[in-house]
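Here is a short briefing on one protein chain. Look through the sequence and the model first, then read the points below.

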Amino acid sequence: MFGLFFQTLTPEQRASIRVVAGDGAWWIDSCVHEWCPNAERAPDGFHIVSWTSDAPDKVRRHPWNQTRRDGDEKSVKRMRGVRYTVLKNPGKLTDRRSEASGNLRDTDPKGRPYRS
């Protein structure tokens with residue numbers, strides 16, 4: 001479908017396109033390369049924010065799931081609320097969120113969830 005859009009453009013119009021923004025779909029790259037070989041590919045702002053918001057959550061899930069599998073109720077309780085804490089400005093955390101941040105830091109010996 002993206003190719004159909006480029007087909008409606010004249011060669012001069014396609015040549016004038018310098019940047020094409022979109023998500024990380026592989027087919028966009030191949031289509032842009034075919035129709036606008038001189039254009040650069042750039043991720044769009046929406047997806048950049050989405051990916052950077054999802055990354056800490058993906059890293060956080062491993063220790064959370066491991067703790068639940070181990071049946072460590074005390075640690076499970078400490079880790080509740082951590083998901084939302086990592087998305088907050090560290091300088092504006094409430095006492096409860098600050099405690100959750102510390103719990104996250106102490107959950108993994110390598111500190112991966114905290115650093116992410």
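Leaving aside its neighbours within four places in sequence, which residues is L9 in contact with (heavy atoms within 4.5 Å)? L9 is in contact with R14 and I17. This is a predicted model, in which local features need pLDDT of at least 70, side-chain atom pairs count only at pLDDT 80 or more, and totals for chains, interfaces and linings use all residues. Residues are numbered from 1 along each chain as its sequence is written, and side-chain values use heavy atoms, with hydrogens and water left out.

**Overall make-up**
- The protein chain has eight helices and two strands, taken as DSSP runs numbered from the N terminus (helices: H or I, at least four residues; strands: E, at least two).
- Of its 116 residues, 29% count as buried, meaning under 20% relative accessible area with a 1.4 Å probe, protein chains only.

**Core**
- The largest nonpolar core has 10 residues, among them F6, L9 and I17; such a core is a set of buried Ala, Val, Leu, Ile, Met, Phe, Trp, Tyr and Cys residues joined through side-chain atoms within 4.5 Å.
- Helix α3 (residues 26-35) gives the largest share of this core, three residues.

**Helix α4**
- The 26 residues of α4 (residues 45-70) should span 38 Å at 1.5 Å a residue, and the end C-alpha atoms are 39 Å apart, which agrees; the expected span is 1.5 Å times one less than the number of residues.
- Buried residues of α4 are P56, D57, R60, P63, W64 and T67.
- After α4 comes G71, with a positive phi near 75°.

How values were computed: Buried means under 20% relative accessible area, exposed over 50%, partly exposed in between (1.4 Å probe, protein chains only). Contact means heavy atoms within 4.5 Å.
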